[in-house]
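Keep the viewer open as you read.

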Amino acid sequence: MIAEVIVEVLNSEVDKVFDYLIPKDEKRDITGFRVLVPFGRRNVEGFVVGIKDRTEFDQSKLKEISQIFGEQAILPEMIELASFMQRKYNLKMVDCLRLFIPAQMRGEGDRYKRTTEYVLAEDYLTKLEKIGKNAKKQLEIVNFLKEKGAISLKSGFSASSIKRLKELGIIEEKREIALRKPMEDVELLQSNSRKLTSEQALALKKIGESGTFLIHGVTGSGKTEVYMQIISREIKRGKSAIMLVPEISLTPQALSQFKSRFGETVAILHSGLSLGERYDEWNRLLCGQAKIALGARSAIFAPLKNIGAIIIDEEHDGSYISESNPRYNTFDIAKFRASYNNCSLILGSATPSVETYYKVETGEINLIELPTRVNKRPLPKIEIVDMLGEIRAGNTTVFSRRLISKLEECFNNKKQAILFLNRRGYTSFMMCRECGYVAKCGDCDVSLVYHKSEEKLVCHYCGKKYKALTACPECGSTHIRQGAVGTENVVMQFQKLFPNVPVFRMDNDTTRTKGAHQKILSSFGKAKPAVLVGTQMVAKGHDFEDVTLVGIIDADQGLYQSHYKSPERTFALITQVAGRAGRSQFEGSVVLQTYSPKKYVYSFAANYDYKGFYKREINLRKATKFPPFSTILRVMFSGENEELVKTQTKQCYDQILEIRKDYPQDFIYLDAMKSPISRIKQKFRYQILMRIKQENVENITQMVYNACDNARRREVLCFVEINPQSIS
Ligand code: ADP
Ligand code: ZN
Ligand code: ZN
């Protein structure tokens, strides 16, 4: 028999299936197994992706597999998935396969952690007389074992006595697999399922055993309870389930909710786990010991068979799109797996993405609505404050007078507030007022952000740090203008206004270390009154009873990124962060600060009018032919040698022009240019942008892939993004 093997040769363009002979004595079906095969002059690792009787090559020249590791590592479904991804995204098969198995699986042997225990040998009775009369310690151990069964070296008995007993053959060593369990120390919450509200019950009833569903539910409408009951229904039917949440919402709170309800049947997969923990959790899923995979984006690749439901919470979240190799959209993968397993796919959100909601209109997705909060409380009232008015009135702080008075009221009631600003650091840039010099990173084409606590200018793209400016390096002027404020600045201004109120900051700078995120949240949770200042980390997932006020410091911030999704993202963020207020019995309110209070997105957001917003947005997209009425393709090129990057861009662009000649009606837009951020980490960046009509997009995409592959050269990285999250 012959095995088709994908070999793991790092950093090479080899992405072919090679044929190898299966050793004669191997009787198993080894599809999905990891193997070691001779490749050139060395042995390399690979995956068996298929088995066949015959080869198109000269069989006598085929080499034999050198070694077959352990057990099946990849399910047949995943092999099909890899080739689906290879076609859809122009990826290397081996890069896809690597996504499916933890890094620790690579290399020889298993990577379980083991513990050593000692137990009585079966025939120990016949050997007891060998123990010397005065060897009291040894007798003690034997008596202990008769009662308790096993001891370890850590049980407090003398190691030399254990050793002696082993030599005498009275006890035996036993090696056991000790599973590493992430989050074992979490506090368990409500474990029984709740009695559903009538809206929730209806939602549960409508979700069938297959098909795609959107649960459009306001914040606090109890979507999580519905997810958990869907999962438990599937588990009862003997099925498994995948539950995805954005990485940022994978708070210990959220995890413990699932642990409490489902115990050992849940395995957790996210980036906070150690490699060992991930390996064990993955194995528990593969062997069927765990049936629920809970995690961020990559948990969609969980090695589960017989899936009954796949759930994607906060489906609009940008983190579901992978922006580094291998690039993929989680929704596509979920759709593939749902159809392979013939199971249901459930998306949930308070602010579905426009593209998803459009699929509701076209009938591709079934809509389920949860329009009210579980506690029947109204959603917090959102007030819009015009910040230009503040400047006119002589207020130059980041806090409007309205926000200050609401903060005072909140603190007087011993309640908590959240202040949201999606920009970290102190100020966004530093610029000389005399000559216009702007401090920029030497390796990237971006301005540096001032971080006051470290007195440094920091590049947010590569992390490089520079000395803060006191005078302009070009003209020597000390008149330095600072850009827009960041979270660090908000904290300092807040402390001047409310010196006695504890303030916590949560952003990328304060959450670098493991567990920091949780520490900040739990200290904030206990402090009353208190304020939490942060970036979008504060907008999601958590549920603090005493938060009655949310301040959105600069709502406009996301609107000026020239991306067709900016209004949609702004709408979603406002809704999310507003949803943190008034979750329990205390009424909440929101102050939204903006320099353009007339923007339509604010009035829709303030009225919680998702449908109104959607209607306006979809009409705009239709008129301007943006997704979902077209697909945006971006071909990115980057490399250290600008000339080579440019040449390759040009070569590829010429080929795409040829494609357009053949299919002029399919191209809405096509152009090549320097990327808006023309250099990152010393690499020059160029791009080809196009918008393609929906009817023939798959065909055109494949042709564009070919054009890229034809123009490819080693020195320049080239890849294609479909509807990219950012075009900077
Ligand atoms: P969402 O995810 O829709 O924002 P959550 O799932 O966080 O909402 O639910 C909001 C709150 O309501 C949570 O504290 C949750 O425990 C509670 N809850 C959900 N369903 C019920 C129910 N049927 N009965 C009582 N409380 C519920
Ligand atoms: Zn200057
Ligand atoms: Zn940089």
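## Around the ligand

A polar contact here is a pair of N or O atoms within 3.5 Å; within protein, one must be able to donate a hydrogen and the other to accept it, and residues adjacent in sequence count only if both atoms are side-chain atoms. With that in hand, look at the backbone beside ligand 1. An oxygen atom of ligand 1 sits 3.1 Å from a polar backbone atom of Gly-222, and an oxygen atom of the ligand is 3.2 Å from a polar backbone atom of Ser-221. At Gly-220, a backbone N or O atom lies 2.7 Å from a ligand oxygen. On its own, ligand 1 exposes 560 Å², and the protein buries 74% of that; these accessible areas come from the Shrake-Rupley method with a 1.4 Å probe, and for residues only the protein chains shown count as cover.

Which residues come nearest to ligand 1? Of the 16 around it, they are Lys-195, Gln-200, Gly-220, Lys-223 and Thr-224, where near means that a heavy atom of the residue lies within 4 Å. By class, this shell holds 3 nonpolar, 7 polar and 6 charged residues. In that count Ala, Val, Leu, Ile, Met, Phe, Trp, Tyr, Cys and Pro are nonpolar, Asp, Glu, Lys and Arg are charged, and the others, Gly among them, are polar. Helix 7 (residues 223-236) supplies the largest share of the shell, with 3 residues.

## How to read the model

This is a predicted model: local features need pLDDT of at least 70, side-chain atom pairs count only at pLDDT 80 or more, and totals for chains, interfaces and linings use all residues. Residues are numbered from 1 along each chain as its sequence is written, chains are lettered from A and ligands numbered from 1 in the order in which they are written, and side-chain values use heavy atoms, with hydrogens and water left out.

Helices (H or I, at least four residues) and strands (E, at least two) are DSSP runs, numbered from the N terminus.

## The parallel sheet

Strands of a sheet pair through backbone hydrogen bonds, either parallel or antiparallel. Two strands count as paired if DSSP finds at least two bridges between them. In one open sheet, 7 strands follow the order 10-11-9-12-13-8-14 with parallel pairing. Its edges are strand 10 (266-269) and strand 14 (366-370), each pairing on one side only. Neighbouring strands are turned by 15 degrees against each other on average, direction ignored; axes are lines fitted to C-alpha atoms, for helices over the stretch in contact, and angles run from 0 to 180 degrees between N-to-C directions.

Inside this sheet, strand 9 (residues 240-244) runs parallel to strand 12 (residues 307-313), joined by 5 bridges. Ser-240 stands opposite Ile-307 of strand 12. Helix 6 (residues 198-206) packs on the sheet, touching strand 8 (211-217) and strand 14, with contact meaning heavy atoms within 4.5 Å. The direction of helix 6 makes about 165 degrees with that of strand 14.

Another open sheet has 3 strands in the order 18-19-20, paired antiparallel. Strand 18 (449-451) and strand 20 (465-467) form its edges. Strand 19 (residues 456-458) pairs with strand 20 over 3 bridges, and Lys-456 has Lys-467 as its bridge partner.

## Backbone details

The peptide bond from Asn-325 to Pro-326 is cis, with omega near -10 degrees. Pro-326 belongs to the loop between strand 12 and helix 10 (330-341).
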